[in-house]
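Colleague: I'd like to learn how to read a ligand site and a couple of loop residues. Could you walk me through it?

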Amino acid sequence: MRFHVAGAGMAGLCAAARARDLGLDVVVYEKGDRPGGSMLLSSCVVWRYRDLDEFRAECPGGDGELQRQIIDRLDDGLAWLRSLGADVVWEETGNPRTVGLRFDPRSLTDVLVRAAGEVRLEETVPGDAEPLLLATGGFQGDRELVREHIAPGGELIVRANRWSTGDGLRRAIARGASLSSGMSEFYGRAMPAPPAAVPEERFVDLAQLYGRYSLVLDEEGREFAPEPISWSEIDLVQAIARRPNASAWYLVDEEALDVEIRGRAIREMVDAAHAAGGEVLLPNELGVELPEAYRYAVHVTAGITHTIGGMQIDPQARVLRADGSAIEGLFAAGADAGGISTGGYASGLASALVFGLIAAETAASI
Ligand SMILES: Cc1cc2nc3c(=O)[nH]c(=O)nc-3n(C[C@H](O)[C@H](O)[C@H](O)COP(=O)(O)OP(=O)(O)OC[C@H]3O[C@@H](n4cnc5c(N)ncnc54)[C@H](O)[C@@H]3O)c2cc1C
């Protein structure tokens, strides 16, 4: 039996490699001109919460059965990636809430491509392909779908591979798939606002991660940040997305500049935004009455990395209809499979790995 996989990113490559282990004949179709998807651009920390209770508390709107699969299966998945020869650069996440590994994204992509077998670049899946795994990486790259579901207050910067434009979602809807929870949510980062230049190789180092150490104002000078801002700042980034021009100002004082977040001082992140051509002003230049302590005002905009909503799957990675029945021969994994981290933040790479493996196993059992 031939197993068709749409997308040569994290979910698609993991699924293809596992399906080959299980004796399936596999073809991976990749729309872009290179494999790796957003995984290749990522920090590549593949992680989970320590237990299901924490996952539920952090992502209360997510599907508990899907979350359970990630808690139960991620460690074996990580060991499998390591066994394929992927280079591990950190043995832990550096975050006490989570456990996982950080891989080198180039090495991970290369070993997965080797293990996945036939990867056809710049090709999409034929209309009648079945069984089929949709692993096209979400719909963040499609302005219309983003407008419809996320309704931002301005154009969002796409902080992801440029080919994930909702193809998987459209195809699944055409086959009667139901949508998951969290269709209006996304994972992203605050990035320097235009005219800053934000090329894809700088998605990681230009991220402005210090909203919770800042006074956050919208372009009209109003405070709007969630109170408190969560550790991941995903709630703040989504709130920025809905302000005028999907933008905000982060005002930082002298003391905050030396605070380190993930090994980098806030001062370095401000400097990086400035060097990239972003607007970094003195607070009095904003024309807003402010205490003198603020040293800089940095103009940021919401960058969308991947959508949180997508198609509803079951714990076997089968795409579901609204009545809860599975659509025969149709699977989804990675950002195409939605509703796992609704209401919060969880590792997209972990979900792609776990449900990629599961999709392959389910397909092999047909
Ligand atoms: C800068 C950055 C940092 C990140 N850091 C982390 C991190 O540290 N930890 C973490 O867990 N997550 C991180 N992520 C998110 C992570 O990369 C994604 O969650 C993950 O890659 C999702 O896997 P996926 O397989 O769904 O999508 P992808 O890996 O993006 O793969 C999707 C693939 O599908 C292809 N495609 C699209 N449409 C079609 C089509 N019609 N036919 C065929 N192919 C198609 C795309 O070209 C792409 O290659 C980061 C992302 C970015 C951009």
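Colleague: Which helices and strands each supply at least two residues of the shell around the ligand?

Modeller: Helices (H or I, at least four residues) and strands (E, at least two) are DSSP runs, numbered from the N terminus. Here helix 1 (10–21), strand 2 (25–30), strand 15 (294–307) and helix 10 (348–364) each give at least two shell residues. Helix 10 contributes the most, with 3 residues. Before going on: this is a predicted model, where local features need pLDDT of at least 70 and side-chain atom pairs count only at pLDDT 80 or more, while totals for chains, interfaces and linings use all residues. Residues are numbered from 1 along each chain as its sequence is written, and side-chain values use heavy atoms, with hydrogens and water left out.

Colleague: How many residues surround the ligand, and which are the closest?

Modeller: A residue is near a molecule if one of its heavy atoms lies within 4 Å of it. That gives 35 residues around the ligand, with Glu30, Ser38, Val45, Asp167 and Ser347 the closest. By type, the shell has 15 nonpolar, 16 polar and 4 charged residues. Ala, Val, Leu, Ile, Met, Phe, Trp, Tyr, Cys and Pro count as nonpolar, Asp, Glu, Lys and Arg as charged, and the others, Gly among them, as polar.

Colleague: Which backbone atoms pair up with a nitrogen atom of the ligand?

Modeller: Look for polar contacts: pairs of N or O atoms within 3.5 Å; within protein, one must be able to donate a hydrogen and the other to accept it, and residues adjacent in sequence count only if both atoms are side-chain atoms. A backbone N or O atom of Val45 sits 2.7 Å from a ligand nitrogen, and one of Lys31 is 3.1 Å from a ligand nitrogen. The protein buries 97% of the 1000 Å² that the ligand exposes when taken alone (Shrake-Rupley, 1.4 Å probe).

Colleague: Is Ser180 buried or exposed?

Modeller: Buried means under 20% relative accessible area, exposed over 50%, partly exposed in between (1.4 Å probe, protein chains only). Ser180 is buried, at 8%, in the loop between helix 6 (167–174) and strand 9 (186–192). A polar atom of the Ser180 side chain lies 3.1 Å from the backbone nitrogen of Gly339.

Colleague: And what does Arg50 touch, leaving out residues up to four places away in sequence?

Modeller: Contact means heavy atoms within 4.5 Å. Arg50 touches Pro96, Arg97, Thr98 and Val99, and its side chain reaches the backbone oxygen of Pro96 at 2.8 Å. Arg50 counts as partly exposed, at 44% relative accessibility.
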